[in-house]
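Work through the exercises below with the sequence and the model in view. Try each task before reading its solution.

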Amino acid sequence: MENEEVVLLDLWASPFGMRAKIALAEKGVNYEHKEEDLSNKSDLLLKTNPVHKQIPVLVHNGKPVCESLIAVQYIDEIWPHKPLLPLDPYQRATARFWADFVDNKIYSARNRKIWASKGEEHEAAKKELIDSLKLLEGELGIKAYFGGEHLGYVDVVLIPIYSWFYTYEKCGDFSF
Ligand SMILES: N[C@@H](CCC(=O)N[C@@H](CS)C(=O)NCC(=O)O)C(=O)O
């Protein structure tokens with residue numbers, strides 16, 4: 001690990017960047033943190049993520065890995081100790097399914113309707129979010145973590161989104 005060059009292009013408030021930070025911390029990987037100003041994106045960000053031009057970007061030995069879900073999976077593969085994804089292929093597929101569910105149902109652009117809409121639309125958005133959280137709760141069951149006894153991939157993906165729950169409640173006339 002000593003000769004590795006690991007750089008994370010990030011923004012402190014980003015739940016997506018936080019996923020990469022949690023995964024790197026779990027693995028005990030030392031890295032250089034580069035804070036981006038998204039109103040004035042650095043040449044490095046534009047060069048390493050020319051498609052989306054978004055943080056986070058994990059740059060490992062000069063090679064960029066974009067998209068937080070992919071970066072967390074990459075971190076898990078490069079530093080395989082304390083695995084985040086299960087070893088069993090079916091369980092891995094299931095974990096990826098729920099991670100995708102988190103992005104599409106819990107932290108989707110649609111959910112901004114909770115604070116950006118009124119009346120029926122607002123009620124429908126609230127119901128959809130609660131229903132999605134109930135489904136996630138069902139998947140968690142009585143386990144301590146989605147990963148079982150230890151933090152797993154779905155936990156790493158979901159936990160940073162928790163920081164948005166305050167915003168949902170505060171701006172959305174909404175209570176969990
Ligand atoms: N799907 C991306 C989302 C990343 C994302 O939305 N990043 C935001 C900051 S939280 C960003 O870089 N926004 C700048 C822009 O879109 O121009 C991921 O999971 O990494």
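**Exercise 1: a lysine in a loop**

Lys-41 is placed in the loop that joins strand S2 (32-35) to helix H2 (43-48). Helices (H or I, at least four residues) and strands (E, at least two) are DSSP runs, numbered from the N terminus. The model is predicted, so local features need pLDDT of at least 70 and side-chain atom pairs pLDDT 80 or more, while totals for chains, interfaces and linings use all residues. Residues are numbered from 1 along each chain as its sequence is written, and side-chain values use heavy atoms, with hydrogens and water left out.

Task: state how Lys-41 is classed by accessibility, and find what Lys-41 is in contact with beyond its neighbours within four places in sequence.

Solution. 
1. Buried means under 20% relative accessible area, exposed over 50%, and partly exposed in between (1.4 Å probe, protein chains only). Lys-41 has 31% relative accessibility and therefore counts as partly exposed.
2. Contact means heavy atoms within 4.5 Å. With neighbours within four places set aside, Lys-41 is in contact with Glu-36, Leu-46 and Lys-53.
3. For Lys-53, look at the backbone oxygen: 2.9 Å separates this atom from a polar atom of the Lys-41 side chain.

**Exercise 2: helix H6**

Task: check the length of helix H6 (residues 119-140), then decide where its buried residues lie around the axis.

Solution. 
1. The expected span of a helix is 1.5 Å times one less than its number of residues. For the 22 residues of H6 this gives 32 Å, and the end C-alpha atoms are 32 Å apart, so the two agree.
2. The buried residues of H6 are His-122, Ala-125, Lys-126, Leu-129, Ser-132, Leu-133 and Leu-136.
3. Viewed down the axis of H6, the buried residues fall within an arc of 130° (taken from the directions from the helix axis to the C-beta atoms), so they line one face of the helix.
4. On the other side of H6, Glu-120, Lys-127, Lys-134 and Gly-138 are exposed.
5. The cover over the buried residues of H6 includes helices H4 (89-106), H5 (113-116), H7 (153-158) and H8 (165-172).

**Exercise 3: the core**

Solution. 
1. A nonpolar core is a set of buried Ala, Val, Leu, Ile, Met, Phe, Trp, Tyr and Cys residues joined through side-chain atoms within 4.5 Å.
2. The largest has 39 residues, and Leu-136 is among those with the most contacts inside it.
3. Elements giving two or more residues include H4, H6, H7 and H8.
4. H4 gives the most, with 6 residues.

How values were computed: A polar contact is a pair of N or O atoms within 3.5 Å; within protein, one must be able to donate a hydrogen and the other to accept it, and residues adjacent in sequence count only if both atoms are side-chain atoms.
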